Amino acid sequence: MSEAGVPNSDLRGLVLATIEKLRAKLLDLTMGNRLLNFKPSEKSKSHVRIIDEVPEILFEKLESRKELEFVWIEEPDLEPADERTHEFLEGVKDAKKADHLYLEQLEKLGKRASRRQLSNAERGLRDRVRESLGMNPRVKQSVSDRARDLGFDPSYDLPRPSEHPSRGHSDSKIQTLLYRETMEAKLSAIRESDKTLLDDAGVNALYAAFGAIEWYESSDSDIPVFAPLLFVPVEIHRVLDEGVYRYVLAARDDDIETNQAFGELIKETHSLELPAWNPEGSLPEYFEEVERLLESQRRWRLRRWVTVGLFTFAKMAMYRDLDTRRWSMD
């Protein structure tokens, strides 16, 4: 009997029930949760996606504490072959003195304009010169096409390991599908946001997400939803090298996390158990476990993505810690 006259068993039950109610409020299983409904975006300043790498090899490199330098796609030449004629070059020379739109752009950009901004302004000028000379419109090349021209596979669904990995897959680089200026701007923004979260809230939020589960809210839904799978804690260093900044990815000394929010969702809605990560295991073994689990769902599948970005687990950690089944009640 407690001091208030309430049986200890009843008090214990009341406390546990209250904790469960509080715990449930921590768990966001709505589509507003990025851990359940991750929307990849090339415009996002919170993540960058990786191409033309083997996830298993990248994982091993990070686990062995190797540092990986982010690399970009080299931009195409500003001058197509048909823009190297004397007539065209003279037209560009004259236009740089008289084209009002070009001159206005330069004035607006000012002295601190970036190389890419100046390049874009001149490219617009050149396109107007083409039109004035009656030339065919320039064929614009996407960054994916440019990547293919350079020998990179632009798909975000990354290849499986091979017996003899290519040099590009075994080096100390990590490949993005971005031109240099865009890549540097995104990585700088991610790095600063990570630092702000750590300084203001004491939260490390930067992870390399290996794999994503493509799933559907219902059997009659045609809209795929993506849940990142396994999170390796990382950090991004900015290194000044001969006047140029390099961005380097390195593992952070913290635990690898599985997507517990997705695990709780599929347990509640499909009676499925997301495999736990075994620190002594390997990424290929974990991917195989997950793929076997997904066989029971007709359209669900594991996507071989790697995404470096900001993901927060604070509420999920609290949710896990408040699980009374893990407590010793002696």
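**Conventions.** I count residues from 1 along each chain as its sequence is written, and I leave hydrogens and water out of side-chain values, which use heavy atoms. Because the model is predicted, local features need pLDDT of at least 70 and side-chain atom pairs count only at pLDDT 80 or more, while totals for chains, interfaces and linings use all residues.

**Cores.** I looked up the nonpolar cores (sets of buried Ala, Val, Leu, Ile, Met, Phe, Trp, Tyr and Cys residues joined through side-chain atoms within 4.5 Å; buried means under 20% relative accessible area with a 1.4 Å probe, protein chains only). The largest has 57 residues, and Phe 70 and Phe 210 have the most contacts inside it. Its largest share, 8 residues, comes from strand 5, residues 225-241 (strands are DSSP runs of E, at least two residues; helices are runs of H or I, at least four). A second, separate core has 9 residues, including Ile 51 and Phe 226.

**Phe 70.** Leaving aside residues up to four places away in sequence, I find that Phe 70 touches, among others, Val 48, Met 183, Tyr 247 and Val 308 (contact means heavy atoms within 4.5 Å).

**Helices 3 and 5.** I note that helix 3 (residues 86-98) packs against helix 5 (residues 115-132) with the axes 10 Å apart. The contact draws on residues including Phe 88 and Val 92 of helix 3 and Leu 125 and Val 129 of helix 5.

**Helix 9.** In helix 9 (residues 260-270) I list Gln 260, Phe 262 and Glu 264 among the buried residues; Ser 271, which follows helix 9, has a positive phi, near 55°.

Notes. Buried means under 20% relative accessible area, exposed over 50%, partly exposed in between (1.4 Å probe, protein chains only). Axes are lines fitted to C-alpha atoms, for helices over the stretch in contact, and angles run from 0 to 180 degrees between N-to-C directions.
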